[in-house]
Amino acid sequence: MRMIRLAAAVGAALTLTLSAAACSSSKSSGPGGSAAGTPKHGGSVTVAWIDAEPNFIFPFAPATNTDGYNQNLTLPLWPALTYDGDGGQSIVNQKESLWSNLSFSNGNKTATMTLKPWKWSDGAPITSRDFTFVYNLLKTNYKNWNLYLPGTFPTDVQSVTATDEHTVVINLTAATSPDFFTEDVLNNVQLIPQHAWDKTSDSQAVGNYDQTPSGATAVYNYLQKAGSQISTFTTNPLWKVVAGPWKLNDFNSDGTLYGYVPNKNYSGPVKPYLSRWENQAFTTDSAMLDAMRAGRTVTVGSLPLNDANQLGALKAAGYSSVQLPIAGVTGITPNLYNAQDGTIFQQLYVRQAMEQLINRNQIVQKVYNGYADPGVGPVPVTAIPNMASPLEKSGGPYPYNPTAAINLLKQHGWNVVPNGVTTCQSAGSGPTQCGAGIKAGQRMEFQLLYPSGRTTTEEQEAAIQASEAQAGIKLDLKSEPFNTLIGTTGVCTASSHSQNCGWQLVDLGYTPYLPYPSDQGVFVTGGSSNFGGYSDPTEDRLINETETASSQQTFFQYEDYTARQLPMLFTPLRAGIVLYQSSLHGLSPLNPFSADNTEETWYFTK
Amino acid sequence: MSWYLVRRVGQAIVVVIGVMVLTFILIHMEPGSVARSILGIRATASRMAIFNATYGLNQPLYKQFIDYVNQVVHGNLGTSYYLQQPVSSLFAQRLPRDLFLLGTSTVLALLISIPMGIYQAVRRGGIGDNTLSAVTFTLYCMPAFWFAVMLVAVFAIQLHIFAPLAPTGTSLGSMLTQPRALVLPILTLTLIQVAGFSRYMRSSAIDTLAQDYLRVARAKGLPERLVLARHVLRNSLLPIVTIVGLSLPGLVTGAIVVEEVFNYQGMGLLFYSAATRHDFPILLGSTLIVGVATVVGNLAADIAYGILDPRVRYVSD
C-alpha cells in the first residue's frame with residue numbers, strides 16, 4: 001500500500017479557505033484578471049488571508065509543525081520540482097517546472113529527470129547536486145519532515161544518481177504511476193541550494209556534509225533551527241539564495257504581514273511585473289470585507305459564500321470576482337465500527353439509501369449559491385475535470401431519489417416512518433432482512449458531528465437532516481470546533497477499537513487533492529484518514545493500481561467503484577470566490593493548484 | 001500598612017499557585033488526542049508519537065506538571081504547539097499592543113466619565129443629566145461587536161474618515177505612526193467603558209453629595225468648585241477604583257471582539273485560538289498571566305483604597 005503525501009495540497013487547501021482554487025471551468029466576472037492592456041512594471045499588491053501566520057522558512061519543516069501556510073511563504077522562494085497548475089487548467093505546468101524532461105523506464109521503477117539550466121539568485125547554477133542534497137537530507141531525516149508519509153519519497157527510493165550536471169536518475173523500490181510521481185510526488189519536493197546551505201553552523205564553510213548520515217542530520221538540524229527563527233527570516237544569508245521569482249523583503253514578528261520583491265536573477269519564463277506584493281493576515285472574513293469596502297488597501301481577497309450577496313457592493317467598490325473550485329473530497333463518514341450502530345452502516349444498501357436522500361443539487365444552489373461541486377464521488381468534477389469519470393460527470397450512481405431510498409429500506413425489512421424514526425422490522429441477514437448484527441427494533445437515529453464556525457456547513461447539515469427525515473432517518477446535529485472534533489474523533493477499525501469511537505457520523509470537511517487525485521488515505525484499509533474503518537480488498541487493489549499505473553481507465557475504475565461503494569456519503573464541496581481589484585490583470589483564470597502562487601503573472605496596465 | 005501588604009502579597013502568591021494547578025488539571029482532563037487535534041486529520045501514528053515525545057505528552061500527568069512548574073520557575077512558559085513559537089515571545093508581541101489599546105481607552109474613559117458622572121450628579125434630573133443618561137444607557141446595552149461594526153460602517157466604509165482596521169505593525173512605535181487606524185478601536189472601547197464608569201460615578205457622586213461633611217464644607221464658605229474637587233471627587237472615586245482594579249485582568253486578556261472586528265492581533269484572539277486548537281502551553285501561560293493580573297489588580301485597588309480613604313489604612317494597621 002502506498003500512501004500519498006499532501007504537501008502542496010495542504011498548503012493550497014489552506015489558502016483556498018481564503019482564496020480557493022479553480023480550473024478550466026472557473027468563471028470570472030468583471031474586466032480585470034485576464035490579460036488586458038499593456039502590462040506595466042511596478043505596482044504593489046496586498047493579498048488578504050484569514051488567520052494565516054507562517055512561522056517556518058526552511059522548506060522542510062519538522063514533523064510537529066502543521067502550519068500549512070509555511071508552504072505559501074516558501075514556494076515563491078524555492079519552487080517545487082513540478083509546478084502544478086497552468087492558467088485555468090489542473091495540469092502540470094511544464095514551462096514553470098524545474099525539470100525540462102522527465103521519463104520513466106524499467107517498468108516505471110526508474111525516473112530520469114533533466115533539470116533546466118536555471119540559476120540561483122546568487123548566480124550559481126541549479127544542478128543535479130541540489131537534488132541529491134535534498135534527497136540526502138530527507139533520506140536521513142524523513143521522520144522529522146512534516147510532509148512525510150510512510151511509503152513515499154524518500155523511503156521508496158532505492159538510489160539517486162547524478163549522471164551529469166543536470167540529470168538525475170531515481171531508482172524506486174517499486175513501480176510507480178508516472179502521473180502520480182510527476183504530479184503528486186515531485187510537486188512536494190522543493191529544490192534548495194546545496195552550494196549555500198550544506199553546512200552545520202553559521203560560521204562553517206559550505207561542504208559536502210550531507211553525504212554522510214551524521215552530516216546530513218547535522219545539516220538538517222541546523223537548517224531547521226535557523227528556519228524557526230522568525231526574527232532572521234529576512235536577514236539570514238541562507239534565505240537570500242532563492243530560485244523562485246521572488247525574494248522575501250520583510251516579515252513582521254508575528255507572521256501577519258510579509259512582503260516580497262522580485263528576484264532580479266530569476267531564470268524562469270515569466271518575470272515578475274509587480275515591484276512588491278505582500279500577504280496580510282486577517283482575523284475574520286468580515287474584517288477583510290470591511291477593508292475591501294472601505295478602500296483599496298486589499299488588492300486580492302476572498303468572499304465567504306454566505307456573504308455572496310455582497311458581491312454587488314464589492315463590485316461597486318472596484319472589485320471583480322472569480323470562482324475557484326476546491327480540489328478535494330468531502331462527505332459524511334459513517335463509523336462502521338460504532339458499537340451501537342456500526343452494523344447498520346456496514347450495510348451498503350443503507351449507505352445507498354442515505355446517499356439517495358441527499359439533495360446535492362439543491363444544496364449547491366440554495367446553500368452555496370451555485371459555488372460548489374456537486375460531490376457525487378471521490379473526484380471533484382469541476383476542480384479536476386480531466387480525472388472525473390463519465391459516471392461522476394453524469395451525476396454519479398446515486399442521484400437524489402427519496403422514493404427509491406424508502407423502497408430500498410422497505411425491501412430490507414425496515415419499517416419506514418417518514419419524519420419519524422425508522423426501525424428494523426425484520427432482523428436477520430437474509431436478502432429481505434435488515435442485515436447481520438442489526439436487532440429488531442433498532443432505530444435509524446444517529447448523531448452527525450461537524451465542525452462549527454461556517455454558516456454554509458450549518459445550512460448544509462440542516463438540509464441533509466431534513467431530507468434524511470423523509471425516510472425516517474433521524475439525524476441529531478452537533479457541531480464542535482474543528483480541532484476539538486478531530487481530537488475526539490477516533491480512527492475506528494475492526495481490530496483496533498479506539499476509545500474515541502462513540503461517534504456515528506462525522507463530517508470533517510474536505511481532504512485536499514493534488515492534481516493526480518488518487519486516494520489520500522481516506523478509503524484505503526488502514527489509511528490515516530480512514531476514520532470509519534472502511535476496508536475492502538477490491539478498493540485496496542484499485543487504489544494500488546492508480547498509484548502504480550498511469551491509465552485513465554484504471555483510475556476511472558477506482559473512481560466509479562468508490563462512488564458506488566460509498567465508504568463515505570459524498571456531499572457537495574464548496575468553491576471559493578476570489579475578489580481582486582479590477583485594475584489588476586493576469587490573475588484569472590485560476591486553477592486549484594497554483595492559484596495562490598502566480599503573483600509573477602499579475603500586473604497593472606499602462 | 002506594611003504588614004497588611006505582606007499579608008496580601010502572600011495571599012496573592014497562594015492564589016496564583018492554586019490557579020496554575022487547577023488550570024493544568026482541567027486542561028489535561030479534556031477528552032481526545034491533543035496530537036491529532038494539532039496535527040490534523042491526516043496525522044499518522046508515527047507523527048503523533050513524535051509530537052507526544054517532543055512535548056512530553058507521553059509522560060504521566062504528574063511528571064508533566066513537575067516539568068511545567070520547573071519551566072515556569074525558570075521563566076519559560078513553553079512553546080506553542082501550533083504557532084511553534086515560545087509562548088513568552090507570543091505574549092511579548094501581543095501584550096504591549098493590548099496594554100496600549102485597552103490602557104489608552106480605559107484612561108480616556110476615566111477622563112470622560114469621572115467629570116461626566118459628577119456633572120450628572122450635580123445636575124441630577126436636569127436636561128443634561130437625562131440626555132447623558134439616555135446616551136450612556138444606549139451605549140451600555142449595546143454589544144461591543146455591534147457598536148464596532150457600526151462605527152466601521154459609518155466612519156470607514158461610508159465616510160472614509162478613519163481606517164477600518166487597526167494598525168498593521170507589531171511594535172508600539174509602528175502602531176503610533178498610523179493614528180487614523182487607532183481611532184475606531186480606541187473609540188469603541190472608550191465609549192463602551194464610559195457607559196459603565198459614568199453610571200457608577202454618577203451614583204457614587206449622588207451619595208457623596210448627600211453627606212453632612214459637604215454641608216459643613218459649604219457652611220465654611222468653601223467655593224463650590226473646591227467642594228466638588230476636594231470632597232465630592234475624592235470620595236466618589238472609591239467604587240471607580242474597585243472597578244478599575246478589577247478591570248486590570250481585562251488589560252492582559254485582550255478585547256477579543258474588538259480584536260476580531262479591527263483585525264487586531266492581541267491576547268484575546270491568541271487565547272481564543274489556543275482554546276479551539278488545544279494549544280495547552282498558550283492556555284496555561286494565558287491563565288497564569290490573567291491570574292497574576294487579577295491578584296495584582298485587586299491588590300492595587302486595595303492600596304488605592306487606603307490612599308483615598310484613611311479609614312482603610314487605620315483599620316488595616
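Two strands count as paired where DSSP finds at least two bridges between them, and the legends below use the word in that sense for this predicted model.

**View 1. The open sheet of strands E6, E7, E9 and E8 in chain A, with the pairing of E6(A) and E7(A)****.** A:Asn101 stands opposite A:Thr114 in E7(A), and E6(A) is joined to strand E7 (residues 110-115) of chain A by six bridges, the two strands running antiparallel. The sheet to which they belong is open, has four strands in the order E6-E7-E9-E8 (chain A), and is paired in the antiparallel sense. Its edges are formed by strand E6 (99-105) and strand E8 (157-164) of chain A, each of which pairs on one side only. On average, and with direction ignored, neighbouring strands of this sheet are turned by 15° against each other. Helix H3 (residues 128-141) of chain A lies across E7, E8 and strand E9 (167-172) of chain A, and runs at about 160° to E8(A).

**View 2. The mixed sheet of five strands in chain A****.** Helix H14 (residues 455-468) of chain A lies across E20 and E21 of chain A, at about 165° to E21(A).

**View 3. Strand E13 of chain A, covered on both faces****.** In strand E13 (residues 300-303) of chain A, A:Val300 and A:Ser302 point to one side and A:Gly301 and A:Leu303 to the other, and all of these residues are buried. E13(A) pairs with strand E26 (residues 576-581) of chain A in the antiparallel sense over four bridges, and the bridge partner of A:Leu303 in E26(A) is A:Ile577.

**View 4. The packing of helices H16 and H17 in chain A****.** The axes of helix H16 (residues 537-548) and helix H17 (residues 552-565) of chain A come within 9 Å and cross at roughly 150°, which means that H16(A) is roughly antiparallel to H17(A). The crossing in which H16(A) passes H17(A) is left-handed. Among the residues that make the contact are A:Leu542 and A:Ile543 of H16(A) and A:Phe555, A:Tyr558 and A:Tyr561 of H17(A). By class, this contact has five nonpolar, six polar and two charged residues.

**View 5. The packing of helices H10 and H11 in chain B****.** Helix H10 (residues 212-219) and helix H11 (residues 224-253) of chain B pack at an angle of about 155° with their axes 11 Å apart, and H10(B) is therefore roughly antiparallel to H11(B). Their crossing is right-handed. B:Tyr213, B:Leu214, B:Ala217 and B:Arg218 in H10(B) meet B:Val227, B:His231 and B:Val232 in H11(B), and the residues of this contact divide into five nonpolar, one polar and one charged.

**View 6. The side of chain B that touches chain A****.** Here 42 residues of chain B are in contact with 39 residues of chain A. The elements that give two or more residues to the chain B side are helix H2 (34-39), helix H3 (45-54), helix H7 (144-158), helix H12 (256-261) and helix H13 (267-277) of chain B. By class, that side has 18 nonpolar, 18 polar and six charged residues.

Technical notes: Residues numbered from 1 in each chain as written. Chains lettered and ligands numbered in written order. Predicted model: local features only at pLDDT ≥ 70, side-chain atom pairs only at ≥ 80, totals over all residues. Contact = placed C-beta atoms within 7 Å. Nonpolar A, V, L, I, M, F, W, Y, C, P; charged D, E, K, R; others polar. Axes fitted to C-alpha atoms, helices over the stretch in contact; angles between N-to-C directions. Parallel < 35°, antiparallel > 145°, perpendicular 65-115°, else oblique. Left-handed = near helix turned anticlockwise from the far one by under 90°. Buried ≥ 20, exposed ≤ 12 C-beta atoms within 10 Å, placed from the backbone.
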